[in-house]
Amino acid sequence: MPGHHQRRRSIVRLVLAATLGALLLGGSATLPGATASALSRWSGGIDLYRSGVFTTQKTWLWCTAADVQIIRNIARHQTDHTSANQSRYFSYMRAHDRYAIPVSDGTDPGGWAAGLRHYVDSRYRVVASTSFSAALRSAVTNLRRTNLPVAIAVDHGNHGWVLTGFTATADPARTASFTVTSVRVVGPLWGLQSRTYGYDMRPDTRLTPSQFRSFFTPWHYGRVRMAWEGDWVSIQPIASSSSSTAKATPQPKAEVRVAAATAAPHRTPEPTSQATPSATAEIEPTPATTARPVALGGGPVGAGRPPAPAAPAPASAQSGWDPWTIAGLAMAAVLALGAALLGGRGRQVRSATRRARRV
């Protein structure tokens with residue numbers, strides 16, 4: 001019937017109009033580079049970490065490989081913890097390093113970013129920031145916009161962590177007027193490092209920005225001056241590729257340089273040394289309020305050397321006295337007392353002798 005068909009066409013037009021309107025309104029509500037499907041409801045913070053995603057690095061060299069495994073687990077909802085995949089990630093990253101560095105120094109940020117692009121998401125890029133504030137703001141902004149973790153080069157580039165979450169005064173996906181109030185971090189040495197001493201804290205530890213600053217420090221590599229010297233280096237999933245340079249903060253001199261995803265010349269990596277992992281028994285975390293970095297070596301991320309823990313000070317040293325000093329003072333006191341007694345006895349003997357001679 002004509003009337004029936006006309007009503008049906010009207011209903012279809014209304015549905016199409018409503019759908020188009022919803023798409024237009026939804027698009028205007030998000031910033032460039034952020035999609036409605038990527039953004040969850042903002043409730044003051046975000047934490048991508050969940051049980052089962054953490055994995056311990058299988059050797060002292062493989063912090064970056066373990067980070068790739070952790071980030072891949074989060075992004076793809078997996079629970080992979082195999083040594084074989086860490087070895088595969090490490091070899092791929094070594095083959096795509098920007099600089100030819102010894103295998104004992106792990107991989108450089110170029111290779112690290114290449115591994116994350118290849119095994120996790122094509123949007124990962126090396127981000128070099130000229131200030132801690134700029135690095136932190138850009139990292140949380142891209143984490144929020146993409147729902148993907150950020151890899152962080154800590155301890156001047158000697159080790160690699162994963163930034164899995166943060167809290168802030170406002171949503172970085174909606175405004176640039178926000179202040180980061182805390183971060184959530186994951187370090188793959190947890191489970192490999194010493195039971196008593198260690199650099200990495202329990203997975204998904206909460207740190208204040210001030211605490212995080214003591215770990216997230218400027219890049220430095222002694223063997224060769226790299227492009228990132230003196231910068232805060234992270235591997236971020238860039239929400240928008242419309243610009244090769246992003247300004248993470250309105251502050252001057254806080255430039256964030258995003259490296260282009262240019263493929264490094266492929267070369268066969270040096271043989272990897274298969275260090276025997278230590279026991280993976282659970283260890284106590286370093287308290288966040290007193291956590292301080294421990295030297296991991298002098299190379300880029302994954303320097304291949306375990307942390308060098310400092311021996312604990314003995315109880316006597318905490319009060320300013322060491323055992324040898326105390327023993328020396330005690331001995332000196334005994335000798336002084338003995339000398340005093342002997343001296344007094346000597347005077348008595350000499351006096352008696354003189355009296356006997358007079359008699």
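Mentor: Helix α4 (residues 109–119) is mostly covered, with ten of its eleven residues buried. Helices here are DSSP runs of H or I, at least four residues, and strands are runs of E, at least two, numbered from the N terminus. Buried means under 20% relative accessible area, exposed over 50%, and partly exposed in between, with a 1.4 Å probe and protein chains only. This is a predicted model: local features need pLDDT of at least 70, side-chain atom pairs count only at pLDDT 80 or more, and totals for chains, interfaces and linings use all residues. Residues are numbered from 1 along each chain as its sequence is written, and side-chain values use heavy atoms, with hydrogens and water left out.

The buried set in α4 is Pro109, Gly110, Gly111, Trp112, Ala113, Ala114, Gly115, Leu116, Arg117 and Tyr119. Their packing partners are α2, α3 (83–95), β2 (124–129), β3 (150–154), β4 (159–168) and β7. At the start of α4, a side-chain oxygen of Asp108 comes to within 2.9 Å of the backbone nitrogen of Gly110.

Trp112 and Leu116 are among the residues with the most contacts inside the largest nonpolar core, which has 66 residues. Trp161, Leu163, Val183 and Phe212 complete that group. Such a core is a set of buried Ala, Val, Leu, Ile, Met, Phe, Trp, Tyr and Cys residues joined through side-chain atoms within 4.5 Å. Helix α5 (residues 132–146) supplies the largest share of this core, six residues. Apart from this core lies another, of five residues, including Val127 and Val256.

Together with Tyr89 and Tyr92, Tyr119 forms one aromatic cluster. Rings of Phe, Tyr and Trp (its six-membered ring) pair if their centres lie within 6.5 Å; planes under 30 degrees apart count as stacked, over 60 as edge-to-face and the rest as tilted.

Tyr89 takes us on to Asp80. Setting aside neighbours within four places in sequence, Asp80 is in contact with Thr55, Gln69, Asn73, Asn85 and Tyr89. Contact means heavy atoms within 4.5 Å. Asp80 sits in the loop between α2 and α3. Its relative accessibility is 15%, so Asp80 counts as buried. The side chain of Asp80 makes a polar contact of 3.0 Å with that of Thr82, and another of 2.9 Å joins the side chains of Asp80 and Asn85. A polar contact is a pair of N or O atoms within 3.5 Å; within protein, one must be able to donate a hydrogen and the other to accept it, and residues adjacent in sequence count only if both atoms are side-chain atoms.

Thr55 is next. Along the chain, Asp80 and Thr55 are 25 residues apart, and 7.8 Å separates their C-alpha atoms. Thr55 lies in the loop between β1 (45–47) and α2 (63–76). With a relative accessible area of 2%, Thr55 is buried. Its side chain joins that of Gln69 in a polar contact of 3.2 Å. Beyond its neighbours within four places in sequence, the contacts of Thr55 include Ala66, His81 and Pro188.

Last, the wider setting. The protein has eight helices and nine strands. Of its 359 residues, 44% are buried. Among contacts between residues at least 6 apart in sequence, 71% join residues at least 24 apart.
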